Amino acid sequence: MLLNLLVKPGWVVVENLVQDRLGHAVFGTFTALLNWTLIVASVSDLGTTQLTTKRVAANPDFLTEYFPTLLPLKGWLSVLFMGLMVGSGWLLGYRGHTLTLLALTGASLLVTQYTQFLRGTLQAHQRFNTDALLSVLEKALLLVFVLALIPVGITLDRYVGARSVAVLFTFVVLYGLVTKLYGRVRFKLKWDHARGLLKASLPLALITLVYGLNERVDMLMLERLASPAEAGYYAAAYRWVDAIMMYLWTVLPLFFAKFAFATGKREEQQELLWFGQRVVTVPLLFVCAFVLFRGEVLFWQFTHSTGPELARMTLSLKILFVNVLVHAFFAIYSTLLTSTNQEKPVSWLVAGSIGLNVVLNLIFLPRYGAVAAALNTLLCVVFVSGGYLWLVQRRAGVAIPWATIARLLLAFGLLCGVFWGLRLWLNQWLLEAVGAGLVFVGILFATGTVRLAELRALRR
């Protein structure tokens, strides 16, 4: 976890540098290609990676019995989806060198997925430290390669090539490690095993596809319906959203396990929800307030961008961070639902959000570009969050802590007032952030969001 938290900020900074050197239009094209490959590749293994990790953890003999079938099965699925990826790219209008870049990006991603599949064996055998090191190896290598390209010049071809080399090297290292730990596996495809695996894994593949579409479709539609430059603006803004959301995706799985353990115990789930609401929301309140008042400082690396381009990226960023704010309040309700066997209604809710997003994009993206994409995303998040609250009350039977939410909203409003006042007084973003941070601690105690008695209890 610590390694990922260290590498992610470094990667955001380097990717900003790459976009500044390539230009918004070129990077927007690459981002659209990458997101299309992510959408298609999200179901390329048809859920077998998740199924394998789960089965091996429960029964170590599964590895010996099914891996001779799984390895070639995943290989053939990768070939099939590679053809689907390139063919669908051609239908979307990509031609020539751009289609070649799509193929290379897609191939790299499929190798990455094969790597994640092999990592599942390490996770299932509780080798979490080894898995953690391998999880950051690819990103760390790519950081080194990109920094090495700066003196000679970064082009899109060199950048895509560097990504491919990093992916391939990581795969070779992992394959050698798995072979050394568990021995060489002979490929032997058994059709009865393959049919059973695919039947069991397809529901997992559908869930992955739904969530993959929800996160990735905007960038592709922007590049196709508006312009590559608009996709680049949106990518620059969304990169920071993705980095900050790492906090949620780190904390929420912990509450997932807690909620699942407390299934059927409504009072215990209620206490967890009340506590988790604050743990998840409070740090993101400060981050969102800072971005709303000083978001422009996050684009300090874009020295080749014009004033209007920076303004457009900043506006998109601020709208997207309102989206982060909504997630900060309501993402934990999705975790509660999925941990208590409510995956199906949650998936239908997310699918409805995707449909709404696509319709809004078709209407507004051609005219308003990146700003419309950010607003559409926000509207869909509000729609989904309202659905989470309704499902929690109707399906989970857990009371919504409205008083806690009200205190958090009050704390956020007061924090925004502090940022506004400090900006008028100091007009220096670092001093404003430090001052607002110190005042925010007092606000949390003054509003009753955090209590001294709770802190004393934690110390015990």
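Student: What about E223, buried or exposed?

Tutor: E223 is buried, at a relative accessible area of 6%. Buried means under 20% relative accessible area, exposed means over 50%, and partly exposed is in between (1.4 Å probe, protein chains only).

Student: What kind of model is this, and how are residues numbered?

Tutor: It is a predicted model, where local features need pLDDT of at least 70, side-chain atom pairs count only at pLDDT 80 or more, and totals for chains, interfaces and linings use all residues. Residues are numbered from 1 along each chain as its sequence is written, and side-chain values use heavy atoms, with hydrogens and water left out.

Student: Back to E223. Which residue forms a salt bridge with it?

Tutor: R224 does, with the closest N and O atoms 2.8 Å apart. A salt bridge here is a side-chain nitrogen of Lys or Arg within 4 Å of a carboxyl oxygen of Asp or Glu. R224 is partly exposed, at 34% relative accessible area.

Student: Where does the charged end of R224 sit?

Tutor: Over the ring of Y94, 4.2 Å from the ring centre. The rule asks for NZ of Lys or CZ of Arg within 6 Å of the ring centre and within 35 degrees of the ring normal. R278 lies over the face of W274 too, 3.5 Å from that ring's centre.

Student: How many salt bridges are there in the whole structure?

Tutor: The search finds 6. One of them pairs R312 with E230, at 2.9 Å between the closest N and O atoms.

Student: Which residues are linked in a network of salt bridges?

Tutor: R294, E296, R423 and E432. Within it, E296 bridges to R294, the closest N and O atoms being 3.2 Å apart. E296 is partly exposed, at 30%. R294 is buried, at 8%.

Student: Zoom out. How many helices and strands does the chain have?

Tutor: The protein chain has 16 helices and 0 strands. Of its 460 residues, 51% count as buried. Contact means heavy atoms within 4.5 Å. Among contacts with a separation of 6 or more, 82% join residues 24 or more positions apart.

Student: What does α2 look like in numbers?

Tutor: α2 (residues 24-41) has 18 residues and reaches 25 Å from its first C-alpha to its last, close to the 26 Å expected. The expected span is 1.5 Å times one less than the number of residues. α2 is mostly covered, with 15 of its 18 residues buried.

Student: Where is G89?

Tutor: In helix α4 (residues 61-91). G89 is buried, at 0% relative accessible area. Leaving aside neighbours within four places in sequence, it contacts W36, Y94, L99 and L102. Its C-alpha is 9.1 Å from that of T37, which is 52 residues away along the chain.

Student: Cysteines next. How many disulfides?

Tutor: The structure holds 0. C288 is in none, and its nearest cysteine sulfur is in C416.

Student: Which residues form an aromatic cluster?

Tutor: F286, F290, F293, F419, W429 and F440 form one.

Student: Last one. What is the phi of N427?

Tutor: Near 55°, a positive value in a residue other than glycine. Most residues other than glycine have a negative phi. N427 lies in the loop between α14 (402-425) and α15 (429-446). N427 is exposed, at 53% relative accessible area.

Technical notes: Helix = DSSP H or I, 4+ residues; strand = E, 2+ residues; numbered from the N terminus. Disulfide = S-S within 2.5 Å. Phe/Tyr/Trp six-rings, centres within 6.5 Å; stacked < 30°, edge-to-face > 60°.
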